[in-house]
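Thanks for making time this morning.

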Amino acid sequence: MPITGLDLAEEIRALKKERRAVILAHNYQVKEIQEIADFVGDSLGLSYQAAKTGADVIAFCGVHFMGETAKILNPTKRVVLPDLDAGCSLSESCPADKLAAHLEAHRDKNYYVVAYINCSAGVKALSDVICTSGNAVRIVQAVPKDRNILFVPDQNLGAWVTEQTGRKMDLWKGNCYVHVEFTRNAIERIQFEWPDAVVVAHPECTHAVRLLADEVCSTEKMISYCRESPADAFIIVTESGMLHRLRREIPGKTFIPGPTDHCACADCRFMKMNTLEKLHSALLHLEPEILIPEAVRARAELPIRRMLELSA
């Protein structure tokens, strides 16, 4: 089906119907993709949607590990990603072979591995349970008290979970390059400009930034928190794509992007690799497709299912 003079969004909707596809989009996607998606959400919400979809094709507008998660939960379905090069610095900070070597070198600790969903299928396959920023506290609280926990790959999220639960954990030294660009100085400057604004930050931010926040939470929780708060203005300290969803769902309030030392807002270069043109191509050609060796997929499914059960 060549591109015609029809609006590109309408072509995508027609292809979606033809392919019996569902379009899932992360909160950090560009607004054009968010507006055409069937579901927009954080990693936990999209995991639920991926687990229960009846579609034949899943077009996942996010980064590579998210498409892998959808494929892990749907081995018989076709999962396409608009841009296969849309990676994740956090996921890449914890390669599966290095984690396997670390676990082998510390067999005496008998680690219970809690893996943040922002990791590869290979890392998930080495884990005992997966978590998201929205359920990490609950997941860690469910780990048997007699087990040593290794939390991978985000050390900032892991440190925040330790603060919330009091549970000592060994933390893998990984981070999201976007969230560590937020600094205390940059947030204090924007607070000076907006003294009455409430600061809402993602737990992937550094400890110094989290200390300045009125609320630290997942992107999905940001929606309900800002909607229910009596405040009129909010400084949102996470990737810039979140602002579009907040403004669309809560139009009566003001949302200010959390700045970094270098720019007025923070964009993830990987999330922004997906475009409507690439989504159209993915639905048209059913590629690039996410493929995972079955042995890895089957092993990775177990900790994801465990997470979904504990989060129900």
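**A sheet, its helices, and the cysteines**

Valine 200 stands opposite glutamate 215 in β10. Strand β9, residues 198-201, pairs with β10 in the parallel sense over two bridges. Pairing here needs at least two DSSP bridges between the strands. Helices (H or I, at least four residues) and strands (E, at least two) are DSSP runs, numbered from the N terminus.

A word on the source. This is a predicted model: local features need pLDDT of at least 70, side-chain atom pairs count only at pLDDT 80 or more, and totals for chains, interfaces and linings use all residues. Residues are numbered from 1 along each chain as its sequence is written, and side-chain values use heavy atoms, with hydrogens and water left out.

Now the whole sheet. It is open, with four strands in the order β10-β9-β11-β12 and parallel pairing. β10 (215-216) and β12 (254-257) each have a single partner strand, so one side of each lacks a neighbour in the sheet.

Next, the helices. Helix α10, residues 184-193, lies across β9, β11 (233-237) and β12, at about 165° to β11. Angles run from 0 to 180 degrees between N-to-C directions, with axes fitted to C-alpha atoms, for helices over the stretch in contact. Contact means heavy atoms within 4.5 Å.

Last, cysteines. How many disulfides are there? Zero, counting pairs of cysteine sulfur atoms within 2.5 Å. The sulfur of cysteine 263 is 5.5 Å from its closest cysteine sulfur, in cysteine 265, too far for a bond. For cysteine 268, the closest is in cysteine 176, at 6.4 Å, also too far.
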